[in-house]
Amino acid sequence: MPRIQFPDGFVWGAATASYQIEGAVHADGRGASIWDTFSHTPGTVLNGDTGDVACDHYHRLDADLDLMVDLGLRAYRFSIAWPRVVPDGTGQVNQAGLDFYDRLVDGLLERGITPFATLYHWDLPQALQDRGGWEHRDIVPAFTEYTQAVVGRLGDRVVRWITHNEPWVVSFLGNYEGVHAPGQTDLGAALSVAHHLLVSHGAAVPVIRSGSPGGEVGITVNLGLGRARTDAPADMEAVRALDGYANRWFLDPLYGKGYPSDMVERFGAAMPAVNDADLDLIATPTDFLGINSYNPSVVRPTAKADNPLGFDPLTADELTAAGYELTAMGWPIVPEAFGQLITRVARDYEVPAIYITENGAAFDDEVVDGRIDDPRRTDFLRRHLAALRVAIDEGAPVRGYFAWSLMDNFEWALGYARRFGLVHVDYETLERTPKASAHWYHDTMADNGFDL
Ligand code: FCB
């Protein structure tokens, strides 16, 4: 049996996000976020689910910390809810909201678990959205002000910082495809949002560095390679467009190449004004790149004359017909594409270090006699980690891996209907039960590797 062994010091963890697990939406002075508004708007989230209670992690912090110890986590990636810290988006800092993260961080450190804190994982204060949100340039100083408040309180203990989670999802899924909060379908708006997210990232980097001595900072992007059905030129052109939309639109400016010109051309008049000072700020050097990746995107040339992107993704039925195995999200399972993606990022961009900040899968788990046997999830993790090991062999500077997710949680527009957790959550009782995959992951972390 071949052994997959990771380099010494490899960081092993699991990830979550505030709105997906915390609940307690009115506790201790928290303000409303755009996800409270969105999830309470009929027709936006499957089954009308909201994050009002979620996993109630806010009230179950100590038990969840102990659960992390049982699982054998070495690192934990969580996000901070901006509306708990600055309920109105700007101005008054709510120390009671910060107290929660203070207890979380101390609880992690006492248990020997390294905190990785994400500043923005999508729960924008509604008060800021009411003033234009990410579309408006004023969001940049608002974000640095919020960053200052968080880093001022936690920067003596948290030394791994992520500014944003998945700017593609925030900008395009939320403002062009309309699937996530705030639910707009306006390409120009989405491009402004993307630009301000990136500028705010660059502006926050020095704030984090000065408030967190010895700290390391990065941004997390969601990436996925494009795949075509054939190597016909039109199919390859669709793949290039997908790559521009999903990957290069963010990586190119972050690594000093500016926005990719083929995509600027596609976006045409929707493109916002961009100056050199902004591009310099976006390319502020960082310590690592966080990569979230779940699947490649299989695309074809678009059938819609008014689609500026130039490609359409294949439907789940078409993917199945083409021989792809799918998760409960309808995402194709292609481990080698995950490894190839990491190799490609390391080759094309000057990344000093990479953390896989999310990877995992949703399946229709069943509870049988109080146990959750989820061999497909274990198999998914095993095969993706083996592909990651190949990328490391090829020279990619991968320093760690975080499974998504610690526990089942509010999966955004799909509510509680999709389960990504290593730990099962019973949403009636909120009882947590580690799945079989959690036991496998425990041993993998302990041994820094596994038998394939
Ligand atoms: C990512 C998100 C994360 C989770 C996973 C499944 O896009 O960052 O919050 O929803 O997908």
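**Close-up views of a predicted model**

View 1. A54 is buried, with a relative accessible area of 5%. Keep in mind that everything here comes from a predicted model. You'll find A54 in the loop between α2 (34–39) and α3 (61–71). Its phi is positive, about 45°, even though A54 is not a glycine. Most residues other than glycine have a negative phi.

**View 2. D56, in the loop between α2 and α3****.** Buried or exposed, then, for D56? With a relative accessibility of 13%, D56 counts as buried, because the cut-off for that label is under 20%.

View 3. The ligand sits in the largest pocket.

View 4. Let's start with N165: an N or O atom in its side chain is 3.0 Å from an oxygen atom of the ligand. For E358, a polar side-chain atom lies 3.0 Å from a ligand oxygen atom. E411 also has a polar side-chain atom facing this analysis, with 2.7 Å between that atom and an oxygen atom of the ligand. How much of the ligand's own area does the protein bury? On its own the ligand exposes 290 Å², and the protein buries 94% of that.

View 5. The peptide bond from W404 to S405 is cis, with omega near 10°. Most peptide bonds are trans. At 0% relative accessibility, S405 counts as buried. Which residue's backbone oxygen lies 2.8 Å from a polar atom of the S405 side chain? That would be A15, whose backbone oxygen is 2.8 Å from the S405 side-chain atom.

**View 6. A cis bond between A181 and P182****.** What is omega for the bond joining A181 and P182? Omega is about 5° for this cis peptide bond. As for where to look, P182 is found in the loop between α8 (167–175) and α9 (187–211).

**View 7. H384 in helix α15.** H384 is part of helix α15, which covers residues 375–393. This histidine is buried, with a relative accessible area of 1%.

**View 8. L319 and P332.** L319 is found in helix α13 (residues 316–321). It counts as buried, at 5% relative accessibility. How many residues apart along the chain are L319 and P332? They are 13 residues apart along the chain, and 7.3 Å separates their C-alpha atoms.

Conventions. Residues numbered from 1 in each chain as written. Predicted model: local features only at pLDDT ≥ 70, side-chain atom pairs only at ≥ 80, totals over all residues. Heavy atoms only, no water. Polar contact = N/O pair within 3.5 Å; in protein donor to acceptor, adjacent residues only side chain to side chain. Areas by Shrake-Rupley, 256 points an atom, 1.4 Å probe, with all protein chains shown as cover. 1 Å grid on protein atoms, 1.4 Å probe; cavity = no way out; pocket = protein on both sides within 12 Å on 5 of 7 lines; lining within 4 Å. Sits in = over half its atoms within 2 Å of the grid points. Helix = DSSP H or I, 4+ residues; strand = E, 2+ residues; numbered from the N terminus. Buried < 20%, exposed > 50% of the residue type's maximum accessible area, 1.4 Å probe, protein only.
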